[in-house]
Amino acid sequence: MNVDVIGANAGSVWAALNEKNNQALKNLKKATKLKDKEILPALGWLAREGKISLAEEEADIIVTLL
């Protein structure tokens, strides 16, 4: 997987969060149709850019746009 693919996946994640913020990771995966190996680098990209926050809630991770 190259940087362009990760960036495109990050864009998909951002768009899904822009439509409905505060999503559980499992719901975000359904909304974007990305697999774990695709969504996790995208989340790292967005987190590094300061665009999202991640919070652990019970057995899931909640992703929120900043």
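Here is a walk through this predicted model, from the overall fold down to a few backbone details.

First, some bookkeeping. Residues are numbered from 1 along each chain as its sequence is written, and side-chain values use heavy atoms, with hydrogens and water left out. As this is a predicted model, local features need pLDDT of at least 70 and side-chain atom pairs count only at pLDDT 80 or more, while totals for chains, interfaces and linings use all residues.

Let's start with the whole chain. The protein chain has 3 helices and 3 strands (helices are DSSP runs of H or I with at least four residues, strands are runs of E with at least two, and both are numbered from the N terminus). Along the sequence they come in the pattern α-β-α-α-β-β. The radius of gyration is 11 Å, close to the 11 Å that the globule rule gives for 66 residues, so the chain is as compact as a globular protein of that length. That radius is taken over C-alpha atoms, and the rule is 2.2 Å times the number of residues to the power 0.38. Along the principal axes, the C-alpha atoms fill a box of roughly 30 × 20 × 20 Å.

How much of the chain is tucked away? Of the 66 residues, 33% count as buried, meaning under 20% relative accessible area; exposed is over 50% and partly exposed is in between (1.4 Å probe, protein chains only). As for contacts (heavy atoms within 4.5 Å), residues 24 or more positions apart account for 51% of those with a separation of 6 or more.

Now zoom in on helix α2, residues 25–32, where Leu 25, Leu 28 and Thr 32 are buried. Seen down the helix axis, the buried residues of α2 fall within an arc of 55°, so they line one face of the helix; the arc is that of the directions from the axis to the C-beta atoms. On the other side of α2, Lys 26 and Lys 30 are exposed. What covers the buried residues includes α1 (3–19), β1 (23–24), α3 (36–48) and β3 (60–65). After the helix comes Lys 33, with a positive phi near 60°.

Leaving aside neighbours within four places in sequence, Leu 28 is in contact with Val 13, Ala 16, Leu 17, Gln 23, Ile 39, Leu 43 and Val 63. The largest nonpolar core has 14 residues, and Leu 28 is among those with the most contacts inside it, along with Val 13, Leu 17, Ile 39, Leu 43, Ile 52 and Val 63. (Such a core is a set of buried Ala, Val, Leu, Ile, Met, Phe, Trp, Tyr and Cys residues joined through side-chain atoms within 4.5 Å.) The elements giving two or more residues to this core are α1, α2, α3 and β3.

Next, the hairpin. Strands β2 and β3 run antiparallel and are joined by 6 bridges (strands pair if DSSP finds at least two bridges between them). Ala 55 stands opposite Ile 62 in β3. The hairpin has 2 residues between its strands, and Glu 58 takes a positive phi near 55° there. Glu 58 counts as exposed, at 79% relative accessibility.

Most residues other than glycine have a negative phi. Asn 22 is not a glycine, yet has a positive phi of about 55°. Asn 22 sits in the loop between α1 and β1 and is partly exposed, with a relative accessible area of 48%.
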